[in-house]
Amino acid sequence: MGFLDLISNDIGIDLGTANTLVYLRGQKDKIALNEPSVVAIEVSTKKVLAVGTKAKEMVGRTPGEIMAIRPLKDGVIADFEITEKLLSNFIRRVVKHRYLMKPRIVISVPSGITEVEKRAVRDSAENAGAREVFLIQEPMAAAIGVGLPVHDPSGSMVIDIGGGTSEIAVIALDGIVNNISIRIGGDEMDEAIMVYLKKNYNLLIGERTAEEIKIQIGSAYPPEEEESMEIKGRDLVAGIPKTMKISSVQVREALSEPLDAIIEAVRQALEQTPPELSADILDKGIVVTGGGALLKGLDKRLREETNLPIIIAEDPLTCVVRGTGEVLEDMNQFSKVLIKSRRD
Ligand SMILES: Nc1ncnc2c1ncn2[C@@H]1O[C@H](COP(=O)(O)OP(=O)(O)O)[C@@H](O)[C@H]1O
Ligand SMILES: [Mg+2]
């Protein structure tokens, strides 16, 4: 092992719409950074005030002069400049010796993104200080992170439910055989809860409160015991702060639309799957990753809708970054799954 290996800076990045995670080569069993994909800037000067956790705390609370931006909100790079600022901040925090040796970066991208968007990701990473950038499709990284046999001819199906997108993919022989990517994920669930409360109770709540409700009492299938929680918002009619109690039955009703859309996409993906691979999936089941996999009762619901074995991945929020880490540790073994970045 040479000197340059000792100061290895190579990193794997899961650039998610909700959270960005970074893996540093050589540090197995550890995630170097895990923070929300949010950047707070000063509007007039465009100066970055905070990135990550600190910036997320500002969402919905910022005075006019400060804006908390989620540059990837809808599954694409909506704001190129801000994405670059996010990446360079995170890279700076993880890679300590980047002046000695610029890092090589394996970075996951949604499988539905266009060539232009791929270029934007690659350029961002390069401008943020990468020596070489390798792109990998998110469901592929998730499958590798979960430990699915991606080199095998036998098919594996992964559903990744993130903040801005849900991706369903069938993988075999180092490639994605078929996939469906929809721009509906955890964000739409939060949004659906906000709309529900506004429509039925004239109650205005913020994005973060909606997310808390979803995480605490949200479900995709009736639980053994229904739950309820007290929430705070603003009464639209009286214009004053108000407290009310909401039950898991109501939240499930609010979530039905985005959940139906995800299930419909899973059905479509199954319909598109070649029969030999369908047979594999019937045996092996479907693995669910991403933060959305943590929604209560999602496994039961998917099982009921598809009649297939459903496996919620262990630690679903970190599967993708662990996958990029596996790739980084053995680039030869995984060379076929990479989309080598090209300047053309
Ligand atoms: N316990 C939970 N129940 C339901 N949704 C959850 C839970 N924990 C996290 N989430 C949701 O998961 C999403 C983030 O998942 P993640 O995989 O990090 O997304 P991305 O890859 O797009 O960054 C958010 O919408 C978040 O609200
Ligand atoms: Mg993700």
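Arg301 is buried, at a relative accessible area of 14%. That value comes from a predicted model, as does everything else I will say today. The side chain of Arg301 forms a salt bridge with Glu305, with 2.9 Å from N to O. Glu305 has 26% relative accessibility, so Glu305 counts as partly exposed. Both residues sit in helix H10, which covers residues 298–306, and because they are four residues apart, about one helical turn separates them.

I will go through two more.

Next, Arg93 and Glu35. Their side chains meet in a salt bridge at 2.4 Å, N to O. Is Glu35 buried or exposed? Glu35 is buried, with a relative accessible area of 14%. Arg93, with 35%, is partly exposed.

Last, Arg25 and Asp10. Their salt bridge is 3.4 Å from N to O. This pair also links distant parts of the chain, 15 residues apart. Arg25 is in the loop between strand S2 (19–24) and strand S3 (33–36), while Asp10 is in the loop between helix H1 (3–6) and strand S1 (11–15). Asp10 has a relative accessibility of 5%, and therefore counts as buried. Arg25, at 26%, counts as partly exposed.

Key:
Residues are numbered from 1 along each chain as its sequence is written. Chains are lettered from A and ligands numbered from 1 in the order in which they are written. This is a predicted model: local features need pLDDT of at least 70, side-chain atom pairs count only at pLDDT 80 or more; totals for chains, interfaces and linings use all residues. Side-chain values use heavy atoms; hydrogens and water are left out. A salt bridge is a side-chain nitrogen of Lys or Arg within 4 Å of a carboxyl oxygen of Asp or Glu. Helices (H or I, at least four residues) and strands (E, at least two) are DSSP runs, numbered from the N terminus. Buried means under 20% relative accessible area, exposed over 50%, partly exposed in between (1.4 Å probe, protein chains only).
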